Amino acid sequence: MKLNVFFGNEAAGTLESTDNRGIVFSYNKEYLAKENVLPLSASLPLRENEFSQKECIPFFSGLLPEEDFRKKIAAYLHISETSTFKLLEALGGECAGLITISVEENPEIRKNQYSFDSDNYEKLDEKKLASFIEKMNVRPLIKADEKL
């Protein structure tokens, strides 16, 4: 399975779970051909060859929540807390910073500017907000709707 990795609005590469090489990352040739592109990280410099699991997993794992919060999210999602790939598949659209990870080739990339309208937020009444806070230990992903 492949996950598409975006740096800002640019399709930077793919993270792939393979049968014989583990999880590998490769930059897209189109991304590498552009002028003035940046690497995702100093640990993943621009290059044509793929990065091994040992080389890429520390960076991608670092995009996920840490320790106890990761355990709670993994339990809630019924995914092993050690499965970086599966967690990125589920949560990659919500990574911090400019990195977005998606199964889709053209996901709706987060916009740089937000407007407050009903398309991108839901106003919570005090009762619903209190309910989310009370259930944080069993439902660690606070979202305005009940879907993941």
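**Getting to know P65 and the fold around it**

Q: At 23% relative accessibility, does P65 count as buried, exposed or partly exposed, and which cut-offs decide?
A: This is a predicted model, where local features need pLDDT of at least 70, side-chain atom pairs count only at pLDDT 80 or more, and totals for chains, interfaces and linings use all residues. Residues are numbered from 1 along each chain as its sequence is written, and side-chain values use heavy atoms, with hydrogens and water left out. Buried means under 20% relative accessible area, exposed means over 50%, and partly exposed lies in between (1.4 Å probe, protein chains only). With a relative accessibility of 23%, P65 therefore counts as partly exposed.

Q: Where in the chain is P65?
A: Helices (H or I, at least four residues) and strands (E, at least two) are DSSP runs, numbered from the N terminus. P65 sits in the loop between α2 (53-61) and α3 (67-77).

Q: Which residues does P65 touch, not counting residues up to four places away in sequence?
A: Contact means heavy atoms within 4.5 Å. Leaving out residues up to four places away in sequence, P65 touches R70 and I73.

Q: How far apart in space are P65 and C95, C-alpha to C-alpha?
A: Along the sequence, P65 and C95 are 30 residues apart. In space, their C-alpha to C-alpha distance is 9.1 Å.

Q: Why do the buried residues of α3 line one face of the helix?
A: The buried residues in α3 are R70, I73, A74 and L77. Seen down the axis of α3, they fall within an arc (taken from the directions from the helix axis to the C-beta atoms) of 100°, so they line one face of the helix. An α-helix has 3.6 residues a turn, so residues three or four places apart point the same way. For α3, the arc that explains it is 100°.

Q: Which elements do the buried residues of α3 pack against?
A: On the other side of α3, D68 and A75 are exposed. The buried residues of α3 pack against α2 and α4 (84-91).

Q: What is the order of the strands in the open sheet?
A: Two strands pair if DSSP finds at least two bridges between them. β1 (residues 2-7) and β2 (residues 10-17) pair in the antiparallel sense over six bridges, and L3 stands opposite L15 in β2. The open sheet has four strands with antiparallel pairing, in the order β3-β2-β1-β4.

Q: At about what angle does α2 run to β3?
A: Axes are lines fitted to C-alpha atoms, for helices over the stretch in contact, and angles run from 0 to 180 degrees between N-to-C directions. α2 lies across β1, β2, β3 and β4. Its angle to β3 is about 85°.

Q: How many residues are in the largest nonpolar core?
A: A nonpolar core is a set of buried Ala, Val, Leu, Ile, Met, Phe, Trp, Tyr and Cys residues joined through side-chain atoms within 4.5 Å. L15, F25, L40, L44, C56, F60 and I101 touch the most other members. The number of residues in this core is 29.

Q: In what order do the elements of the chain run from the N terminus on?
A: The secondary structure comes to five helices and four strands. From the N terminus on, the order is β-β-β-α-α-α-α-β-α.
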